[in-house]
Amino acid sequence: MEFRVLGPVQVLADQGPLPLRGPREQRILAVLLLNPDRLVPLDQLVRAVWDDNPPATAGTQVRNRVSELRRAWASAVPRPDDVLTTESNGYLLRLSGHTLDLADYESRVAEARTADRPAAVRLLRSALGLWRGPAFAGAGGALVDAAAARWEEHRLSVTEDCLEHELALGRHKLVVDELAELVQAQPFRERFVHHLMLALYRSDRQADALAAYQRYIELLRDELGLDPGPDLRGLHEAILRRSAEAAAPEETPAPPVTPPAPSGVVAHPAELPADVADFSGRVRELAALDRLFTQGRERRRGVQIIAVTGTAGVGKTALAIHWAHRVAGEFPDGQLHVNLQGNAQAPPTRPIEALASMLRALGVGAEQIPFELDDAARLFRSLLAGRQVLLMFDNAISAEQVRPLLPGTSGS
């Protein structure tokens, strides 16, 4: 099984996602995955589910939920009791033979710390590409939320380190737009402001770099009554003086894209979320989707795109998932699903992050995933050429976010 917590909590098997019935099961599994191969006491699981107000039957309810998890995993592993074992007065989740995206993320970040800069960038980009949204999204509970906040801070720190490497390699023009988005999303994070100023200055945009500094100090003083730190003040002085210490180093080009070996097996993903068991209604909308799908197939040219729009909470996702399951058999090469986070408080999913997720699902090794958007999009189009794959993008915020994610040929 593949356990995922860097985004919504998920359990994947060869046949697709395994069910998680509600936030209580998600919280229990989240705490177990925060402590893989370690005993988690029953009272800690109770606290994770109900915070400080557990019912008298809390222990029994946790045991029942653990039994539900084991039953759900029975289709993927011969002995689910060996994966999630009862130990003394608690439970232990054994990861041996299975994967956890959080552990993979930690491993790549640790490896990057001892690598040279180009290798460090590749490792850190691949690590950050494992994130599908806020960690443990949707699970809730004070204990899980606290862990999610710690890992979000870790992600931001790793992003800062990665971009610092990029700047040291002379790739300022490649990261300036990314940094502008990060500063907008995290306006009080001083290292992002530092990196943005440096990228702008090295891109011959001295006035924009100075303006970014001015916006930051005004925000800092107005909101917190503070002044920027010495590093940022020093960079500001260096930019004003056009000092050599702020000058760009010679650019180290990004490594060429290495596509998967032709003989490699390309995976057949089945990533659609679980269908709504008691879905009803939406007869006209389902008929419209069927009609559009049939018309697109008959044209046999171009990439067929169907957009479902409407106000928040009206049921767009449920409709799209239900219809996607109805037609999944028409796409023998698999189904991909990405939440683009367009309606979340966290920053929307960047196209490069969505592409990295889909490339991994298609069997591309992390070390082979390009970290430049154009390279990743070309590789993605190459993998889908001549194949029939259903792609579902939920919570898209703009055409610009979706355009790099489209196949280049008809069939998908």
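**Charged side chains in the interior**

Arginine 125 has a relative accessibility of 13% and therefore counts as buried, the cut-off being under 20%. In this predicted model, its side chain meets that of glutamate 178 in a salt bridge, with N and O 3.0 Å apart. This pair joins distant parts of the chain, since arginine 125 belongs to helix α6 whereas glutamate 178 belongs to helix α8 (residues 172–185), 53 residues apart. Glutamate 178 is itself buried, at a relative accessible area of 11%.

Glutamate 178 also forms a salt bridge with arginine 350, whose closest N and O atoms are 3.6 Å apart. Because arginine 350 sits in the loop between β8 (335–339) and α14 (351–361) while glutamate 178 lies in helix α8, the pair ties together parts that are 172 residues apart in sequence. Arginine 350, at 21% relative accessibility, counts as partly exposed.

A further salt bridge, at 3.1 Å from N to O, connects arginine 171 with glutamate 166; arginine 171 is buried at 1% relative accessible area, and glutamate 166 is buried at 1%. Arg125, Glu166, Arg171, Glu178, Arg350 and Glu353 are linked in a network of salt bridges.

Helix packing involves some of these residues too. Helices α6 (residues 117–128) and α7 (residues 142–168) pack at about 145°, their axes 9 Å apart, in a left-handed crossing. Among the residues that meet there are Arg125 in α6 and Glu166 in α7.

Aspartate 394, in strand β9, is buried yet has no salt bridge, the nearest side chain of opposite charge being lysine 316 at 7.1 Å. Its side chain instead has a polar contact of 2.9 Å with that of threonine 317.

Key:
Residues numbered from 1 in each chain as written. Predicted model: local features only at pLDDT ≥ 70, side-chain atom pairs only at ≥ 80, totals over all residues. Heavy atoms only, no water. Helix = DSSP H or I, 4+ residues; strand = E, 2+ residues; numbered from the N terminus. Buried < 20%, exposed > 50% of the residue type's maximum accessible area, 1.4 Å probe, protein only. Lys, Arg positive; Asp, Glu negative; His and termini not counted. Salt bridge = Lys/Arg side-chain N within 4 Å of Asp/Glu carboxyl O. Polar contact = N/O pair within 3.5 Å; in protein donor to acceptor, adjacent residues only side chain to side chain. Axes fitted to C-alpha atoms, helices over the stretch in contact; angles between N-to-C directions. Left-handed = near helix turned anticlockwise from the far one by under 90°. Contact = heavy atoms within 4.5 Å.
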